[in-house]
Amino acid sequence: MRLSIINGPNLNMLGQREPGIYGNKSLKEIEKGLLVLGEKYKIELDFFQSNIEGELVDAIQQSGNRCDGIILNAAAYTHTSVAVRDAIAAIRIPVIEVHLSNPHTREYFRHTSLIADVCRGSIAGFGDESYTLALLWFERQR
Ligand code: DQA
């Protein structure tokens, strides 16, 4: 099994960015933790982060041909991007929407996800464990 872990804008700043909301771990540290889990379950992981909407669209399309699933934190594009939504709808593999924080407990503009209904499911509010939980779901599908 091969999964693609795709992170959107400002998630390259994790660790420094609003740690009270997003935690103290950097994206590299989160990815390292996922690699350990991936090794345990024999799941290959590809990592991609971009601040650019079109690059996220490209990564989703390419993962659709190459991987068995996507764990996607589209970050702010969750709430704004029809292009990211359409890319998810265009591929056949399951996509899990993840968020470190729980957007529903935050500002009103974070309450809408343009991607939730084209994703297999959503996991939010568990810090970096949101990614772990998504990976475990994939592991259990085998
Ligand atoms: C986020 C939540 C989004 O609302 C926000 O724009 C982010 C991060 C999260 O992981 O909690 O950048 O996706």
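Trainee: Which residues in helix 3 meet which residues in helix 4?

Mentor: Keep in mind that this is a predicted model. From helix 3 come Glu53, Val57 and Ile60, and they meet Ala83, Val84, Ala87 and Ile88 in helix 4.

Trainee: What makes helix 3 roughly parallel to helix 4?

Mentor: Helix 3 covers residues 53-66 and helix 4 covers residues 82-90, and they pack at an angle of about 5° with their axes 9 Å apart. Angles under 35 degrees count as roughly parallel, so helix 3 is roughly parallel to helix 4.

Trainee: How many nonpolar, polar and charged residues does the contact of helix 3 with helix 4 have?

Mentor: That contact has six nonpolar residues, no polar ones and one charged residue. Glu counts as charged, while Ala, Val and Ile count as nonpolar.

Trainee: Why is helix 2 called roughly parallel to helix 5?

Mentor: Look at the axes of helix 2 (residues 27-41) and helix 5 (residues 129-140): they come within 10 Å and cross at roughly 20°. With the limit for roughly parallel set at angles under 35 degrees, helix 2 is therefore roughly parallel to helix 5. The crossing of helix 2 past helix 5 is right-handed.

Trainee: Which residues make that contact between helix 2 and helix 5?

Mentor: Helix 2 brings Ile30, Leu34, Leu37 and Tyr41, and helix 5 brings Tyr131, Thr132, Leu135, Leu136 and Glu139. By class, the contact of helix 2 with helix 5 has seven nonpolar residues, one polar and one charged.

Trainee: Leaving aside neighbours within four places in sequence, what is Tyr41 in contact with?

Mentor: Tyr41 is found in helix 2. Apart from those neighbours, Tyr41 is in contact with Leu135, Leu136, Glu139 and Arg142. Contact here means heavy atoms within 4.5 Å. From C-alpha to C-alpha, Tyr41 and Leu136 are 9.0 Å apart in space, and they are 95 residues apart in sequence.

Trainee: Now for the cavities. How many of 30 Å³ or more are there?

Mentor: The count comes to one cavity of 30 Å³ or more. The largest cavity has a volume of about 140 Å³.

Trainee: Which residues lie nearest the centre of the largest cavity?

Mentor: Tyr22, Ala75, His99, Ser101 and Arg106 lie nearest its centre, out of 13 residues that line the largest cavity. The lining of the largest cavity divides into six nonpolar, four polar and three charged residues.

How values were computed
Residues numbered from 1 in each chain as written. Predicted model: local features only at pLDDT ≥ 70, side-chain atom pairs only at ≥ 80, totals over all residues. Heavy atoms only, no water. Axes fitted to C-alpha atoms, helices over the stretch in contact; angles between N-to-C directions. Helix = DSSP H or I, 4+ residues; strand = E, 2+ residues; numbered from the N terminus. Parallel < 35°, antiparallel > 145°, perpendicular 65-115°, else oblique. 1 Å grid on protein atoms, 1.4 Å probe; cavity = no way out; pocket = protein on both sides within 12 Å on 5 of 7 lines; lining within 4 Å. Points joined across faces, edges and corners; volume = space filled by probe spheres on them. Left-handed = near helix turned anticlockwise from the far one by under 90°.
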